Amino acid sequence: MTQSLEQLRGEVDALNRQILELLSRRGEVVARIGQLKSEEGQRHYDPSREDQQLRELVALNPGPFSDATVKAIFKEIFKASLNLEEVNDKQVLLVSRSKQPEDTVLDIGKLRIGGKAPPLMIAGPCSIESEEQMMVTAAFLAEQGVSILRGGAFKPRTSPYGFQGLGPEGLRIGKQAARAGGQLFVTEIMDTRDIEIMSEYADILQVGARNMQNFALLREVGRSRLPVLLKRGLAATVEEWLYAAEYILSEGNASVILCERGIRTFEKWTRNTLDLSAVVLAKQETHLPVIVDVTHAAGRRDLLLPLARAALAAGADGIHVEVHPNPATALSDNEQQLDFAGYREFAAGLQPFLEAATRYRQS
Ligand SMILES: C=C(O[C@@H]1C=C(C(=O)O)C=C[C@H]1O)C(=O)O
């Protein structure tokens, strides 16, 4: 019996349709497996399960394809399935753009952060040291148009013997100074037990780099209704950073600002390495505002301005920089904070870039 080419091709087409239908059904089942694994916090990739299937398929292989070919084809199917599981997993993240395509814009007091809003400046000393220090700084920064005053009352110090901050008294001073300067006050929370007192004084809660994966703290600030500034951990991948933000959103607090502050690398000439691709990625993958802390990224004053310019060009929604009336006498980070003259110069050098970024964002 001779069959025409056309007939045989017709048969192949029908088989293709069956294979496609089976593959699609398989994809749906795999996606369900993926969902279960996500819920249980399990890894998606499971080589022993893949191996078990390959063995069974080889044992059943009737030919004409060789065992190696069957294995290669199925490995492709496993790879595609794994992609499907992971894509589905990403899509359910509340922080992701696929969940919310439009930018999150935070309205805090009179301030807007994110979206098309002009990039803003967050500045102030590393630690709150005295009322005078904060009042003078707030007044100077207000005159410079800085809308958010920073200052730590609880300090995460490498050594337990380092200055640990003024605590509640520092919070009171920080808020008083910010109000005098017409600014919002952002300060770091380190302990879940401080949430009440923090809520009394802070306009924005900062979760510091060292606490980025303090999951209890993330959940606690997630249950609060205050905006949260979430710094990226010293050695955190972008994925870990975004999952940290997810903890906060998953508790019902959608007011999160991401802050890239440099990561640890082998480089010694800077304190940390500013990861601008993380800024771009975070802007692309999430709908949250992203700011850049140039002080901690560089750890040296001479790099602050070029890095801040680069951050704005990369799409940052704001710049965070440390300013102290007299850095030489500061109780922490005295190598890297700017004095007032330094800030003036920094702000003047950044101004054209801020204006360009503002125009670009509104175009
Ligand atoms: C679907 C699963 O997840 C992944 C995909 C597999 C597949 O496509 O068969 C097998 C193992 C995992 O790498 C699973 O674990 O069953």
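Reading contacts, burial and a ligand shell

Trainee: Which residues does Lys283 touch, not counting residues up to four places away in sequence?

Mentor: Contact means heavy atoms within 4.5 Å. Leaving out residues up to four places away in sequence, Lys283 touches Arg97, Leu288, Val290, Gly315 and Asp317. This is a predicted model, in which local features need pLDDT of at least 70 and side-chain atom pairs count only at pLDDT 80 or more, while totals for chains, interfaces and linings use all residues. Residues are numbered from 1 along each chain as its sequence is written, and side-chain values use heavy atoms, with hydrogens and water left out.

Trainee: What polar contact does the side chain of Lys283 make?

Mentor: A polar contact is a pair of N or O atoms within 3.5 Å; within protein, one must be able to donate a hydrogen and the other to accept it, and residues adjacent in sequence count only if both atoms are side-chain atoms. Here the side chains of Lys283 and Asp317 are joined by a polar contact of 2.8 Å.

Trainee: Where is Lys283 placed, and is Lys283 buried or exposed?

Mentor: Lys283 sits in helix α9 (residues 276-285); helices are DSSP runs (H or I, at least four residues), numbered from the N terminus. Buried means under 20% relative accessible area, exposed over 50%, partly exposed in between (1.4 Å probe, protein chains only). Lys283 has 17%, so Lys283 is buried.

Trainee: Which residues come nearest to the ligand?

Mentor: A residue is near a molecule if one of its heavy atoms lies within 4 Å of it. Of the 14 residues around the ligand, Arg26, Lys37, Asp46, Glu50 and Glu85 come nearest. The helices α1 (5-39), α2 (47-60) and α3 (67-91) each supply at least two residues of this shell. Polar side-chain atoms lie 2.7 Å from a ligand oxygen for Arg26, 2.7 Å for Lys37 and 2.9 Å for Gln53.

Trainee: How much of the ligand's accessible area does the protein cover?

Mentor: Accessible areas come from the Shrake-Rupley method with a 1.4 Å probe; for residues, only the protein chains shown count as cover. The ligand has 360 Å² of accessible area on its own, and the protein covers 95% of it.
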